[in-house]
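Please examine the sequence and the three-dimensional structure shown below.

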Amino acid sequence: GTERQRLVDNSGEWYFESQHAVSGEELLSAKFESLDYDTCENSLWAAEDQSRTVWDLRRIELCRWLVHLLIGVVTGAIAFFIDVCIEQLAKVKYRYMKSMLDRCIFHDCLIYALLFCLTVFGEPVAAGSGIPQIKCFLNGIQVPRVVRLRTLVCKVLGVLFSVVGGLAVGKEGPMIHSGSVVGAGLSQGRAASFKFDLGIFEYFRTDAEKRDFVSGGAAAGVAAAFGAPVGGVLFALEEGASFWNQGLTWRIFFSSMTSSFTLAFLLGFYRGIPNDLSNPGLISFGKFDKLDYDLLHLAIFACMGVVGGLSGALFNTLNEHLTKFRHRYVTSKLGQLTEAVLVASITAVTSFVLIYTVRSCQPLGSDQMEYPVQMYCPDGKFSSMAALLFQTPEAAVRSLLHDPVGTYSVTGLIAFCLPYLLIATWTYGVMVPSGLFIPSLLIGAAWGRGVGIGLNLLFPTHFTDPGKFALIGAAAQLGGIVRMTISLSVILIEATGNVLFGLPIMVVLMVAKWVGDYFGTGIYDMHIELASVPLLPWEPPSRSAAVSAQAVMSSPVTCLYRQERVSRIVEVMQQYGNSKLWVRACIVDGCRSPVV
Amino acid sequence: MNYCLLILEMLLSLLIVGRSDSTGLQMVAVSAPTMSPAAMNCTAFQYALSRASAELTDCMCRAARPFTLCAHCYHTRAKYADLHQLLVKDNGKDLSAAPDGTSCRKYLMQLDSVQVLSRTRDFVESVWRSSNCNNCFSSNGGSSQNDSLPRYRSDLDQFFNDTTQLRECFANYSSASSNQSGPSIVCDKCSSLYSALTIRFDTLSNAEHTRDRNTHSLCMDAVDAMNATHRLWSEAYQCDSRVRSLQPLPLIIAGYLTAVLFYIGARGRGQFKQRKLLRQKRLGCFASSSGAVSGSASDVGLLN
């Protein structure tokens, strides 16, 4: 009636009657069930609990630690596998492409160089970065098939080929998802995809225990991806913080340290220097000589944070529209496949166009590229656009952070930034496993370095290192897009290796988040919303304290009596699903009513 | 006392004679091994060391541009290094005690915090190492003192021969083309030599390409010679022939068009997937939820 109508008018966040929500993005999806964290405390359970001896409990605790250790080791090993494969494949690819480019400048066969586009893509089922799914899982939503072994295999292979194929993706988000799958799989002692069951760890086969191990796995994934064990723990804290306790923190930290150590150990072994533990993560920002700053720098960093927030908001808005379009229209498997191929091809074409057009030549040796591309530069020089586009994105970020002054020009960097931003926002959401951290770091590092170069030109004595500004730009852009707070700061601090530089990073992330939040939410939250997942946020919607339950509950109310027939209960449960989400008990005149 | 002054004079005279020829003719014998078995005076040694380092710095600065440091300063550096080794390994036998009674090594190297002698040595060694000079010569390249310059490794030697040939080619033909404009005869006549030279240099530098990508360890003499040649070729004689071709343009346009057409096609087909949504039950509102088609086909995997 009128009362309901008034409610809709006053607080627009309650979408009762939306005339235009035909696709349902503002409504919630009914396919998601919640996980079951409560123990069913019946007499059977009580008897079992009594029958456990002290030694049994100790053994269970020891098993927990053992599983966390295994999670760390396996996650580190997976990260190693991904890194090595990408490195080898990329080497082959770039060597071949460089020889083609060199030859084709003279022999007019550029057209073939363009067609050579190594795009093999993974299965659509494990698409995206996986962070939204893990976030939902850790907060109690049962996302179907998110922690299956098959998902893991698809993810790992998919991310391998996406990165080598030259897509604007990173391997960190998928690493987090992989770690979570490892956590779920190892703790259960069975694999549903392949139908085998080891029969161990049966105590851990509850949703609550599984959730704890998935947190450990996610933290291990972050630690392996960034070389940031503490960042991993904080990521698990920030994303799945509803269920936390001290013992769990310590075990998760153990997992993430083990993961980081395993990766460093294996990489040291692979590079020929055993016991060289200097590669703790897949991303390495390299060694910074000096990262000093003063108040003036901080003020400039804050401005860069604003820019990061704005461009992040732009990125998210574009991606939101694209994602809605994809949900509605690009829905067949063939369509998704075609789209992935198209994205890869256009990425390659755009890279080529950029290298072709931007005239920016630097002497050989100033950048430590493995395959410098000369393109149309005079002999003895190479194209600095190629330094950004002809390497894996991680190497390009390292170039931007560490190359000496004069390697890049401001126009070249701006010319790189805008197309790459558009490509990255277009790529995220395509049905391939793709991480978002590295592309946004690359975009931010590019414009950040542009700012640094500009400042260096204006005040050469005061601003000597454009690499520092590249780092801040990267942090600002990443903060503007993902809007993570403490975990991202710690990840970046650990990746840089410089604690004192934590203050500028934190300032920048805060400013970027505030500016970005004014326009919308972070990208992961946005994808969760678009998928209509019933994820309960931290706070109730603002200005909703006056809304009574009567206004939002369904009517007529479905009632069950205190003593009820089993068939009636089963019928009601089947009709409304097993979801515990919306059950609200209200004792009114002897009637306990589940409200849907 | 007279004996000491005599030795000092001898040393100084030898060193001055050696120093006068600055283009690299080093005929000065290394002093320490040929000295008499009697121990050298510590102060005299200090002066000898100082002279050697001054000579070396002089040589290095002169050979800095064009960069021929490795070849020209090889013998000078060897002399300085030998003297310094003598100091470092001193155990009282070769060098007499310092004026205040302590051993010569302790006196010269361990009694003050500025450590000039050590710093000089560090400077010299770092320049030498950055120039990758140890990679320039074959193992016995510099051992004969009678040569004016040490011998390069055979492959580097060939490279330098080729460079000299190319420069001669430039010299021959550039005078002829000075009254012409545009791409000159130099570019035509010397291009085969130039290509051969670049290929040879690429082979050399790939051979030095170590696993750790951050080290470039080719002899700097060669690198600089190649850079100078590049500069001559591209800037002085303007012989670069890289012209942007328009051949890939149609394919690029076709690529972008395909992407646009794909999305237009997807929109045009209008296949609108409905989702299983959580609808509230409201009295009297079932049939009137506009446009809602509930409970249709299975959901697409939506969380990306």
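This is a predicted model: local features need pLDDT of at least 70, side-chain atom pairs count only at pLDDT 80 or more; totals for chains, interfaces and linings use all residues.

Residues are numbered from 1 along each chain as its sequence is written, chains are lettered from A and ligands numbered from 1 in the order in which they are written, and side-chain values use heavy atoms, with hydrogens and water left out.

The nonpolar cores come first. A nonpolar core is a set of buried Ala, Val, Leu, Ile, Met, Phe, Trp, Tyr and Cys residues joined through side-chain atoms within 4.5 Å. Buried here means under 20% relative accessible area, with exposed meaning over 50% and partly exposed lying in between (1.4 Å probe, protein chains only). The largest nonpolar core comprises 149 residues, and A:F285, A:F416, A:L441, A:I523 and A:Y524 have the most contacts inside it. Its greatest contributor is helix α3 (residues 54–107) of chain A, which supplies 14 residues. At least three residues of this core come from each of domain 2 (59–270) and domain 3 (295–321 + 392–530) of chain A; domain bounds are taken from an automatic or database domain assignment. Helices (H or I, at least four residues) and strands (E, at least two) are DSSP runs, numbered from the N terminus.

With residues up to four places away in sequence left out, A:F416 touches A:L354, A:M385, A:L388, A:L389, A:L442 and A:A446, where contact means heavy atoms within 4.5 Å. Another core, of 53 residues, lies apart from the largest one and includes B:C70, B:V124, B:F201 and B:M226.

Within chain A, helix α5 (residues 131–138) is largely enclosed by the rest of the structure, because 8 of its 8 residues are buried. Among the buried residues of α5(A) are A:I131, A:K135 and A:F137. The buried residues of this helix pack against β2 (141–142), α7, α8 (207–226), α9 (229–239), α16 (437–458) and α20 (523–530) of chain A. After α5(A) comes A:G140, with a positive phi near 105°.

Helix α7 of chain A, one of those packing partners, is also the place of A:V182. A:V182 is buried, since its relative accessible area is 6%. Beyond its neighbours up to four places away in sequence, A:V182 touches A:I71, A:V74, A:T75, A:I78 and A:L152. The loop between α6 (149–164) and α7 (172–188) of chain A holds A:K171. Is A:K171 buried or exposed? A:K171 counts as buried because its relative accessibility is 3%. Its side chain makes a polar contact of 2.7 Å with the side chain of A:E394. A polar contact is a pair of N or O atoms within 3.5 Å; within protein, one must be able to donate a hydrogen and the other to accept it, and residues adjacent in sequence count only if both atoms are side-chain atoms.

Helix α10 (residues 246–270) of chain A has 25 residues and spans 36 Å from its first C-alpha to its last, close to the 36 Å expected at 1.5 Å a residue. The expected span is 1.5 Å times one less than the number of residues in the helix. At the start of α10(A), a side-chain oxygen of A:N245 comes to within 3.2 Å of the backbone nitrogen of A:G247. Just after this helix, A:G272 adopts a positive phi of about 95°.

Chain B has 11 helices and 0 strands. Of its 304 residues, 37% are buried. Its domain assignment gives domain 1 (37–131) and domain 2 (154–242). Between these two domains of chain B, 8 residues of domain 1 are in contact with 6 residues of domain 2.

Helix α5 (residues 74–88) of chain B has 15 residues and reaches 21 Å from its first C-alpha to its last, close to the 21 Å expected at 1.5 Å a residue. B:R77 is found in this helix and counts as buried because its relative accessibility is 17%. The side chains of B:R77 and B:E125 are joined by a polar contact of 3.3 Å. Not counting residues up to four places away in sequence, B:R77 touches B:L56, B:E125 and B:W128.
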